Amino acid sequence: FGKGFGEALAAAGAHVVLVDIDGAEAESTAAEIRSKGFLATGLQGDVTDEVRMAAVMAQAAAIQGGIDLVINNAGLHSDEYSQPITKMGLAKTKRLFEVNVIGTICCTLAAHTYMKGRAGASVVNISSSAAHLGGSAYGDTKLAVAGLTITFGRELAPDGIRVNAIS
């Protein structure tokens with residue numbers, strides 16, 4: 001979904017900053033968006049790395065003097081992660097929660113400072129209908145993202161930041 005979000009926002013006039021654990025992929029997508037005459041920057045970043053995400057958000061904020069929108073879209077999802085926890089085991093389950101849940105927290109906290117007081121500032125978390133089905137660790141992570149959306153909505157509202165989720 002990240003590429004689609006980036007293309008749509010750039011076409012609407014935003015300077016988009018695409019972040020991916022694969023920096024070359026992020027830059028390739030940004031270059032494709034720029035080739036259409038829009039503004040885009042691609043950066044490497046692991047959403048579970050607090051220090052790196054703080055640097056990424058600082059760099060993104062420097063581009064436009066702040067951050068207006070964060071879409072927490074990074075996530076692990078494949079047949080490998082759409083299994084019962086008993087089949088996946090602890091190591092894969094931990095990695096899934098690190099990326100899908102802790103990554104959402106990490107990115108939101110890293111962007112918070114640069115979003116405070118900006119008119120229309122918004123965080124959009126990508127949840128999933130799987131959150132309401134049960135039966136997979138993936139769905140459990142997306143249920144956690146839905147819960148984080150409510151929590152961050154309350155915590156960030158005094159700073160003028162809306163927080164919503166798409167399932």
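Author: We begin with G13, which lies in the loop between α1 (2–11) and β1. Helices (H or I, at least four residues) and strands (E, at least two) are DSSP runs, numbered from the N terminus. This is a predicted model, in which local features need pLDDT of at least 70 and side-chain atom pairs count only at pLDDT 80 or more, while totals for chains, interfaces and linings use all residues. Residues are numbered from 1 along each chain as its sequence is written, and side-chain values use heavy atoms, with hydrogens and water left out.

Reader: Is G13 buried or exposed?

Author: Buried means under 20% relative accessible area, exposed over 50%, and partly exposed in between (1.4 Å probe, protein chains only). G13 has a relative accessible area of 59%, so it is exposed. Its C-alpha atom is separated by 7.9 Å from that of L39, 26 residues apart along the chain.

Reader: Why is β2 largely enclosed by the rest of the structure?

Author: Four of the five residues of strand β2 (residues 40–44) are buried, so the rest of the structure largely encloses it.

Reader: What is the order of the strands in the open sheet?

Author: The order is β3-β4-β5, with parallel pairing. β3 (69–72) and β5 (162–166) stand at the edges with a single partner strand each, so one side of each has no neighbour in the sheet.

Reader: Where is S122 placed, and which residues is S122 in contact with?

Author: S122 is in strand β4 (residues 122–126). Contact means heavy atoms within 4.5 Å. Leaving aside neighbours within four places in sequence, S122 is in contact with D68, L69, V70, M115, I161, R162 and N164. At 5% relative accessibility, S122 counts as buried. β4 and β5 pair over five bridges in the parallel sense, and S122 stands opposite R162 in β5.

How values were computed:
Pairing = 2+ DSSP bridges.
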